[in-house]
Amino acid sequence: METKKKLLAIRLVHFAGGLIAIALTGLFLWVDFHEPVNLHRPVPSQDGNHFAYFVRVQPDTWDNEGTTELVIATPAGRMVARYPMELGEISWSSAGHLLVIHDRPDQATVVPSVGNTYVILTTLALSPGTSPLWARSGTKLAYVRSGSKGPEIAVYDLLQTLPTVVPLPEGFQLKYPVLLSWSPGGQEIYFLNSEEGGAALYKLQTLSGTMQPLARLLPDTRDRAANLPQISPDGTRIFLP
């Protein structure tokens, strides 16, 4: 009788342990699915020399969710820089500079590589729903911001202190623009602009503001599920959806 009771107790312990394991697994999966993408998940630089990711700082009180910090480290685990920062999308340039794109509010933090470390250089205000675009050189980027007369395209060069607004032809209005690609020489930008009947593809000279229409009646830029045009690496061909 005693033996049967012991066997029953062992089975109950194993059963309870199994239930606990299942519950913990479900909890960890739920946390993993609901945590932001870059939290604890390193994003490597294009040359593979550094990783960037966010960590959550433990709150001081039970009713505080805590804050997050941006961490930049080497593959060997050596920390290079660490800054308090709101969560955002991590974007590396080809020159090893870093951009963090936030959506609350719409802005981007520029974190360039300086010597053996990284510094926070500036924060750029973005037009809602737009994303900055690194040039192929990796030392400048284009972005859409809100101007006095509506959206405008600006270029931020890491070697300069202020962004430059790209002049547009008289009467042209940006409407839900999507920056697609820089030209290989870093002088032109390909972008989509919403127009009546769909979207139009343009090539924009960033210094003069000269604009060349390339295609029209493309899927509307507000359709996030639509495939976007692709520019070949040498800039000689365009693949339309």
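Which residues make the nonpolar surface patch of about 220 Å²? The legends below, drawn from a predicted model, begin with this patch and then turn to the salt bridges.

**View A. Nonpolar surface patch.** Leu214, Ile238 and Leu240 together make the patch, which covers about 220 Å². Ile238 belongs to strand 20, residues 238-239. With a relative accessibility of 32%, Ile238 counts as partly exposed.

**View B. Salt bridge between Arg82 and Glu69.** The structure holds three salt bridges, and one of them is formed by Arg82 and Glu69, whose closest N and O atoms are 2.3 Å apart. Distant parts of the chain are linked by this pair: Arg82 is in strand 4 (residues 79-84) and Glu69 in strand 3 (residues 67-73), 13 residues apart. Arg82 counts as partly exposed at 40% relative accessibility, whereas Glu69, at 16%, counts as buried.

**View C. Salt bridge between Arg145 and Glu152.** The side chains of Arg145 and Glu152 meet in a salt bridge, with an N to O distance of 2.8 Å. Arg145 has a relative accessibility of 23% and therefore counts as partly exposed.

**View D. Salt bridge between Glu195 and Arg216.** In this pair, the closest N and O atoms of Glu195 and Arg216 are 2.8 Å apart. Glu195 is partly exposed, its relative accessible area being 27%. Arg216 is also partly exposed, with a relative accessible area of 47%.

Technical notes
Residues are numbered from 1 along each chain as its sequence is written. This is a predicted model: local features need pLDDT of at least 70, side-chain atom pairs count only at pLDDT 80 or more; totals for chains, interfaces and linings use all residues. Side-chain values use heavy atoms; hydrogens and water are left out. Patches are made of residues with over 30% relative accessible area and no salt bridge: like charges are joined within 9 Å, nonpolar side chains (Val, Leu, Ile, Met, Phe, Trp, Tyr) within 5 Å. Accessible areas come from the Shrake-Rupley method with a 1.4 Å probe; for residues, only the protein chains shown count as cover. A salt bridge is a side-chain nitrogen of Lys or Arg within 4 Å of a carboxyl oxygen of Asp or Glu. Helices (H or I, at least four residues) and strands (E, at least two) are DSSP runs, numbered from the N terminus. Buried means under 20% relative accessible area, exposed over 50%, partly exposed in between (1.4 Å probe, protein chains only).
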